[in-house]
Each structure stands twice: as C-alpha cells, then as structure tokens.
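Please open the model in your viewer and keep the selection panel at hand. The stops below go from a pocket to the aromatic rings.

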Amino acid sequence: HFRAALSMRKKLLGASDPKVAFSLSWLGTTLAAQRNYAEAEAVYRELVSVRRSTPVDDIQLAAALAGLMSTLLEAQKFTEAEPFARECLMIREKKMPDHWLTFNSRTMLGESLLGQKRFNEAEPLLLAGYAGMKDREKTISTRSKVNLRNNIQRLIQLYEQTGRPAQAAEWTEHLVAFAKARAAKESVSPEP
C-alpha cells in the first residue's frame with residue numbers, strides 16, 4: 001500500500017512534495033521493521049535527498065537522517081552510518097538541545113563508533129546519551145522507551161568488548177531493573 005501511495009504521490013505532486021516525503025518515511029519505517037534493510041536504506045536515502053531541499057538544519061532532515069542511520073546500524077554498516085549520525089546530532093543539538101531525541105542521536109553515533117571498535121570515542125557518547133535520556137524519561141513515549149534499553153545493551157557490549165566485566169555487570173543490573181520496571185508498568189496499565 002505504501003509503495004502504491006508513494007508512486008501516485010510522486011506522479012501527482014512531484015518528488016519534492018511534503019506528502020511524498022511522508023510516504024517515503026512510512027515506507028522506510030515499514031521496510032526497516034520487516035528487516036528489509038537494503039530496501040529501507042534506499043528509501044531513506046531518497047527521503048534524505050528530498051529533505052535536503054529544506055534548510056540545512058531542519059528537524060525534518062534530522063528525522064530522515066535518523067531513519068537512515070538507524071537502518072544502516074541495523075544492517076551493521078557502522079562506518080556508513082557515522083556521517084549521517086553526526087549530521088543528525090548536529091541539527092538536533094542546535095534545534096532541540098534538551099529533547100530526548102537529541103540524546104538518542106548521541107547514543108546512535110556512539111553505536112556507530114562502537115561498531116567500528118572506536119571504544120574511547122563511543123563510551124562518552126553512550127554514557128551522556130543514556131544519562132540525558134534517563135533524565136527525560138517521562139517525556140519518552142512507552143513505545144520509544146525501547147531506545148533506553150538499546151543504549152543499556154550498547155553499554156554492556158562496550159564494556160564486554162573492552163574487557164571491563166565489573167562495568168558490564170553494573171549495566172546488566174540496569175538492564176534487569178529496566179525490564180522489571182517495564183513489566184510492572186505494563187501489568188498495571190497496559191497500553192491500548
């Protein structure tokens with residue numbers, strides 16, 4: 001359905017119309033959720049291209065870059081993800097410095113560096129990103145809180161790969177506490 005809507009919108013409205021960008025975003029999200037990373041990457045690259053017609057520091061461009069870098073990270077293309085992660089973080093730091101998404105972007109840049117085994121560069125980004133997200137946890141939707149869990153897992157991976165079992169164990173405790181809190185919250189008030 002998304003492909004048909006996208007094709008129709010491109011023909012009727014032109015490739016740079018905001019509705020085309022919206023369709024690209026939904027298609028990219030759907031493909032990434034289906035783990036069809038190659039196709040999702042192509043769609044997100046097209047979306048980034050469309051969004052580049054907006055101002056350089058537009059938050060919609062940052063969102064498109066976030067979709068692309070997330071897809072690249074899922075596909076373990078860590079080196080390719082890095083420049084998009086840096087650009088996304090730069091925009092979000094300028095336009096929305098106190099938003100949890102900015103801190104999540106920091107962790108994603110950290111993940112790209114972690115995947116490249118650039119541990120000394122990854123660690124401060126992962127720690128700062130987690131702290132910023134944790135401080136803003138109340139503003140994160142239930143569905144998006146998975147990003148906190150993902151960052152804890154990145155920190156565990158970092159400390160395991162760098163031979164620091166005490167720190168890995170500490171973050172494993174954070175992960176267990178996160179899972180327990182999430183399970184308790186879901187049993188009290190399930191989301192519709």
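What follows is a short tour, with something to select at each stop.

This is a predicted model, in which local features need pLDDT of at least 70 and side-chain atom pairs count only at pLDDT 80 or more, while totals for chains, interfaces and linings use all residues. Residues are numbered from 1 along each chain as its sequence is written, and side-chain values use heavy atoms, with hydrogens and water left out.

Begin by selecting Ala66, Gly67, Ser70, Met108 and Asn147, which lie nearest the centre of the largest pocket among its 39 lining residues. A pocket here is an open set of points on a 1 Å grid over the protein atoms alone, where a 1.4 Å probe fits, with protein on both sides within 12 Å along at least five of seven lines, and lining residues have an atom within 4 Å of a point. Next select α4 (59-74), which supplies nine residues, the largest share of that lining.

Now show the side chains of Phe22 and Trp26, whose ring centres are 6.0 Å apart with planes at 70 degrees, so the pair is edge-to-face (centres within 6.5 Å, planes over 60 degrees apart, with the six-membered ring used for Trp). Phe22 is partly exposed at 46% relative accessible area, and Trp26 is likewise partly exposed at 41% (partly exposed lies between buried, under 20%, and exposed, over 50%, with a 1.4 Å probe and protein chains only).

Finally, select Tyr130 and Trp171, an edge-to-face pair with 5.0 Å centre to centre and 90 degrees between the planes. Tyr130 is buried at 9%, and Trp171 is buried at 9%.

Technical notes. Helix = DSSP H or I, 4+ residues; strand = E, 2+ residues; numbered from the N terminus. Phe/Tyr/Trp six-rings, centres within 6.5 Å; stacked < 30°, edge-to-face > 60°.
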